[in-house]
Structures are given as structure tokens and as C-alpha cells.
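Me: I would like a close look at one part of this model, with the cut-offs spelled out. Please keep it plain.

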Amino acid sequence: MPSSVLNDAFFTSFERSALSLDRAETLPAACYTDADFYAFEKSALFDQEWLCVGREDWVKDPGDYFTTKIVGEPIVVARARDGVVRAMSAVCQHRAMLVAEGKGNTRGFVCPYHHWVYGLDGRLVNAPAMERTCDFDKASVRLPPLKVERWLGFLFINFDPEARPLTPRLKTVADAIAGYDLEHAESASVMTGQFAWNWKVMFENNNDGYHASKLHQGPLHDFVPSELASFPDADPNDAGFLRFNATLHPDASFNPTQRAVLPVFPKLTAVDRGRMTFANVPPTLSLVLTSDLVIYLILRATGPETMEQDTGILVAPGAQDDPSFPHRFEMLMTSAGKIIAQDMHVDALVQEGLRSRFAPRGRYSWQEGAQGQFNQWLVPRYLAAWRRINPEASVSPAAAAE
Ligand code: FES
Ligand SMILES: [Fe+2]
């Protein structure tokens, strides 16, 4: 028996997931559970794609920094005195201690182990007692830099120094959500959690209009019925995709009044206000946009069956100035918490089901158009990576290049 699921037959079968939705099947369960596949996925996706690490306003002032970790890589993001936001590895170039933890404001990064000092731009500025070390050139040492791109106030990094820019490939998504003016939206809260399921289980759940009227049936959700879901076509070159779900009344919001209780984002059109919009930039960013509240999920894979996520809330500029804001916000969060608890219960049990010998290659409803879009994003990347590693692969070039 082969020790790895990674073989030609396995990858050839992915083509069945990239068919049109009425013919497509879900991906093989091993894509959500298998350690070899996760290692493959790191090179197929996470080493190539733009990865969201946070919001630019997390590093508002010079000296502000935060740390994060994705697919095992510790990262530090800092705004230097020149105002430029940079991302770099947090791994000290002496003996690999991490130079920063958490977040804060600093003049530079002093490695706690032997006190090598790095500037906010990552350059090594001091290394004590290294004067007898032959051919040690302090000026050539720096925390390894990573490419950074800003998009609507979100910060993305890329491990590939040759990566194509992200923003031009998100035009369709950016145009559809322009009314929310996310660049100027204000952060109301961020929570970080650890979850015992594959990152795609989370991504797919957040993109699933089919379950809205079933799992979440009740007065906190019925105004966004599954049958009003729509899925605009994405161009294969797009880096993201959209889902719309019309609502039964304008300015619908997840709370017992079913209507916006915070100030509505001021530039929204009547069309925006008559629907909820879901915008996705795989593999790390998923947005839920409502008239008074934008929820963003920053997903970080940590293993084949584990992930970490920042769940953040953005509100209209000035919304938090109203003295009643904390009470209104609490009401929204209580309702959202109930809906999220239903999703989390499902996510945990889906992961269990995916581990089963009886896990299906399931079929899709028309209301799962976003799963189809996700597969159209994933499968060509998986197949192209498999062909890079294994040039003899017999997967069809058409599928890999799609
Ligand atoms: S490991 Fe950082 S100074 Fe030694
Ligand atoms: Fe849900």
C-alpha cells in the first residue's frame, strides 16, 4: 500500500471538483486531514499566494509592531520611522530565537537571547562581542524581508519574492464592495481563536449560503434566505470571488431587530443595502459585509487538522463615538455568537466526518455556488503544483492551466 495519498490518480480525481457546479463533486476528504497533503498544500498555496496578516491600523504609528505565525513561520510586521510598513521573519539570524512576541511599540527588536539588536526595518544594528568572529559582516545580516501589499486597509505578505501584485487581480471584488470604503472603516474588535479543523472547512462554512436557512433557521437569520443567494462569475485570473445574498428587507443585520443598529456605512448604494455580500481572498481572508457591520476572518492554517483565526469587526467611521455604541455592539455580538456557535459545532463534526472511511465525494446544490468558486480557485493551483513537483504527472494540462 502506498504510504502517501499523493499520487497521479489522486490529483487526476481533482478535476471532478472543478467541473461546473451541477456536475462537480467535493474534494477528496484527504485534502482536509492528511499530513502529506498539508505539506504539499504549503508549497502549492501558502508559498505562492498573498496571505493576509492583519489590518494596517494595527501598526498606526512609527514603532508599532505585531507578530503572527502562518504555516509555522513566525512573522513580525512593523511600521518604521520612515512610515513604511514592513513584514519580515521574526527568526533571529544568530541562533533562531524569535526576536518579538505579541504586539507593541518599540525602537527596534532586541533578541532576548544574546541581545542582537535589529532596527524596525529588520537590519542588524548591534551584535555584542562579535568583534573576534572572522568575516562577520554585521551590515549583511537582516531579518529576512517579505513582500507586503495593502488592500482596502488589509496587509498581505508573500513568501514568493516574484509574486505578481494582488490588487490588480482583486478589481472585481474591490468594485463590488467599494461602498463599504473598508480602507477607512474602523476596527471595533478582534478576537483570536484556535480551532481543531482544517482551514478549508472554515473557509467553506463561511461561504456556504445553502445552510443559512437550515442550520441557522430562526429569527436571527431568516431574513437572509438561502434561495436569494447568487454567485457572480469570477475570472480565472481573479485572486478572489464574491457571493451575494439578497435580504428580505434593506439594512438587514444579525440581531433581534433584524435591522441595522449601528450607523450604516455612509457610501453604500440601495443595491448594497438590499443584500449581504461575502468577499473572499483565499487562502486567508473572508469578509461578511452587512449594512452596519463588516466581519473579517483572517484564517491561518497551523496543521492538517488545525487552524488559528482572527475574527475582527469593522464599523463605519465615527460609529464608536455614540455613547450607546457599547450596548448596541454587545447586542450584535450576542446574536452573532449564537450563529457562530452553530457553525463551530458543524465545523468540528464535519472534520470528524472527513476522517471517516465513509467520507463522501459529495454533490452540490445550486445554493453552494461559492464552494464551486473555491474549487475553481484551488484545483488549478493544486494541479499546477503537482506538475511542478512531478513533471511526468498525467493530470491534464487543461485542468492544471485552467
Ligand atoms: S539567538 Fe538572537 S541573539 Fe542569539
Ligand atoms: Fe453559518
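This is a predicted model: local features need pLDDT of at least 70, side-chain atom pairs count only at pLDDT 80 or more; totals for chains, interfaces and linings use all residues.

What does His 115 count as in terms of relative accessibility?

Reply: Residues are numbered from 1 along each chain as its sequence is written, chains are lettered from A and ligands numbered from 1 in the order in which they are written, and side-chain values use heavy atoms, leaving out hydrogens and water.

His 115 counts as partly exposed, because its relative accessibility is 46%; buried means under 20% relative accessible area, exposed over 50%, and partly exposed in between, with a 1.4 Å probe and protein chains only. His 115 lies in the loop between β6 (108–110) and β7 (117–119); helices (H or I, at least four residues) and strands (E, at least two) are DSSP runs numbered from the N terminus. Its phi is positive, about 65°, although His 115 is not a glycine. Most residues other than glycine have a negative phi, and most peptide bonds are trans. Gln 258 also has a positive phi, near 65°. Gln 258 sits in the loop between β13 (241–246) and α5 (270–273), and is partly exposed, with a relative accessible area of 22%.

Nine bridges join β11 to β17 in the antiparallel sense, and Ser 187 has Leu 314 in β17 as its bridge partner.

α6 (residues 325–354) has 30 residues and spans 42 Å from first to last C-alpha, close to the expected 44 Å, which is 1.5 Å times one less than the number of residues. Its buried residues include Phe 325, Phe 329, Leu 332, Asp 343 and Asp 347. Among the elements covering them are β11 (186–195), α4 (199–206) and β17 (306–315).

Trp 199 is one of the residues with the most contacts inside the largest nonpolar core, which has 72 residues. Such a core is a set of buried Ala, Val, Leu, Ile, Met, Phe, Trp, Tyr and Cys residues joined through side-chain atoms within 4.5 Å. Not counting residues up to four places away in sequence, Trp 199 touches residues including Pro 283, Leu 299, Ala 301 and Met 307. A second, separate core of 30 residues includes Leu 285 and Val 294.

Pro 283 belongs to the loop between β14 (275–281) and β15 (285–289). A cis peptide bond joins Pro 282 and Pro 283, with omega about 5°.

Definitions and conventions
Contact means heavy atoms within 4.5 Å. Two strands pair if DSSP finds at least two bridges between them.
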